[in-house]
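Please consult the sequence and the structure while reading.

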Amino acid sequence: MKIGLLFGSFNPIHIGHLIIANYMANHTDLDKVWLVVSPQNPLKKYGDLINTYDRLEMARLATDHADNLEVSDVELKLPQPSYTIDTLTHLKEKYPQHEFAIIMGSDNLVTLHKWKNYKILLRDYQIYVYPRPGYENTDLATHPSVHITMTPLMELSATFIRKSIAEKKSVQFFVPDPVLKFIESKGLYRK
């Protein structure tokens, strides 16, 4: 099975994440997409990242009825910070029967050269890239391991959702209903 890995903090997961994951699982040669909940991205500041287990639960609620989407907590069990190459090495050892690929936005492709062992990632893994507003493709867009997709352009961000919640504005339809109920029941992202 060929599994695409969509890494993220999912703080919170929203329809943009789900549209990207669903597109990759249904409109590419990937058989499944695993949403890998990352405890902390080594290239981002900690900021207002909520409890990892709450983010994991929201991702599970959002994908509960999706046949070809799964949530992975693999990075919660690995040393911190989480580096993609280390996660892939672990997964390859644990699931030798699967082939893994990376899913990333064009914004990440632009900064891929800053990633730990990025040349090994390009050598050993296929990378499926979805467009991000304001990020044109780089020289890496023509690399044989890189697949630029026609995923619908998503301008929705978790930052926007957190800010909206803090300002007591509705985020209905931006996040799945079970996720919204979870956020409200726990009072998440309120200032």
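In helix α2, the residues Thr-52, Asp-54, Arg-55, Leu-56, Met-58, Ala-59, Ala-62 and Thr-63 are buried, where buried means under 20% relative accessible area, exposed over 50%, and partly exposed in between (1.4 Å probe, protein chains only). The elements that cover these buried residues include α1 (15-27), β2 (32-37), β3 (69-72) and α7 (177-186). Helices (H or I, at least four residues) and strands (E, at least two) are DSSP runs, numbered from the N terminus, and contact means heavy atoms within 4.5 Å.

The model is predicted: local features need pLDDT of at least 70, side-chain atom pairs count only at pLDDT 80 or more, and totals for chains, interfaces and linings use all residues. Residues are numbered from 1 along each chain as its sequence is written, and side-chain values use heavy atoms, with hydrogens and water left out.

A search of the whole structure finds 10 salt bridges, each a side-chain nitrogen of Lys or Arg within 4 Å of a carboxyl oxygen of Asp or Glu. Three of them are tabulated below.

| Salt bridge | Closest N and O atoms |
|---|---|
| Lys-32 and Glu-70 | 2.9 Å |
| Lys-186 and Asp-54 | 2.8 Å |

Lys-186 lies in helix α7 and Asp-54 in helix α2, 132 residues apart, and the pair links distant parts of the chain. Asp-54 is buried at 11% relative accessibility, whereas Lys-186 is partly exposed at 46%.

Arg-60, Asp-73 and Lys-77 are also joined in a network of salt bridges.
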